[in-house]
Amino acid sequence: IMGFMAIMYTVFFIIVRFFDGSYELPSGKFLQDGLIAAMPSFERTSLWNFDFTSLILASNLGLAYIAHYNAPNFYRSLK
């Protein structure tokens, strides 16, 4: 139940920040310091655009899956 409450706490603040515009590009309250130098561009993207960056995404997703899949075994080995 604690894990669920932690997730709901996080979701609550994500929703609050979405509706108050704190991270709105480019004029959000937390983005006025100029740390984002270049705005993302999605003009070349499509559903079927598969290039090298797609392989990086697939690799990271696979790594995340393996890390979470092995987490219970790793936790048991710590005891």
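Helices here are DSSP runs of H or I with at least four residues, strands are runs of E with at least two, and both are numbered from the N terminus. With that convention, the protein reads α-α-α along its sequence. Its secondary structure comes to three helices and zero strands.

Good morning, colleagues. A word on the source before the details. This is a predicted model, in which local features need a pLDDT of at least 70, side-chain atom pairs count only at pLDDT 80 or more, and totals for chains, interfaces and linings use all residues. Residues are numbered from 1 along each chain as its sequence is written, and side-chain values use heavy atoms, with hydrogens and water left out.

I begin with confidence. The pLDDT, the predictor's confidence in each residue on a scale from 0 to 100, averages 81 over the protein, and 82% of the residues score at least 70. Where is confidence lowest, and where is it highest? It is lowest in helix H3, residues 71-78, with a mean of 86, and highest in H1, at 91.

Next, the surface. Residues are called buried under 20% relative accessible area, exposed over 50%, and partly exposed in between, using a 1.4 Å probe and protein chains only. Of the 79 residues, 5% count as buried. The accessible surface, from the Shrake-Rupley method with a 1.4 Å probe, comes to about 7700 Å², and 70% of it belongs to carbon and sulfur atoms.

Let us turn to helix H1, residues 2-20. The expected span of a helix is 1.5 Å times one less than its number of residues. For the 19 residues of H1 that gives 27 Å, and the end C-alpha atoms are 27 Å apart, which agrees. Just after H1, Gly-21 takes a positive phi of about 75°.

How many salt bridges does a search of the whole structure find? The answer is one, where a salt bridge is a side-chain nitrogen of Lys or Arg within 4 Å of a carboxyl oxygen of Asp or Glu. It joins the side chains of Asp-20 and Arg-17, at 3.7 Å from N to O. Both residues lie in helix H1, three residues apart, about one turn of the helix. An α-helix has 3.6 residues a turn, so residues three or four places apart point the same way. Asp-20 is partly exposed at 43% relative accessible area, and Arg-17 is partly exposed at 30%.

There is also a nonpolar surface patch, whose members include Ile-1, Met-5, Val-11 and Phe-19, with about 1200 Å² of accessible area for the patch together. Patches are made of residues with over 30% relative accessible area and no salt bridge, with like charges joined within 9 Å and nonpolar side chains (Val, Leu, Ile, Met, Phe, Trp, Tyr) within 5 Å. Phe-19 is placed in helix H1 and is exposed, at 66%.

Finally, the aromatic rings. Rings of Phe, Tyr and Trp (its six-membered ring) pair if their centres lie within 6.5 Å; planes under 30 degrees apart count as stacked, over 60 as edge-to-face and the rest as tilted. By this rule there are four aromatic pairs. The rings of Phe-12 and Phe-13 have centres 5.1 Å apart and planes at 80°, so this pair is edge-to-face. Tyr-65 and Tyr-69, by contrast, are stacked, with 5.8 Å between centres and 20° between planes. These two tyrosines both lie in helix H2, residues 52-69, four residues apart. Tyr-65 is exposed at 56% relative accessibility, and Tyr-69 is exposed at 56%. Tyr-9, Phe-12 and Phe-13 form one aromatic cluster.
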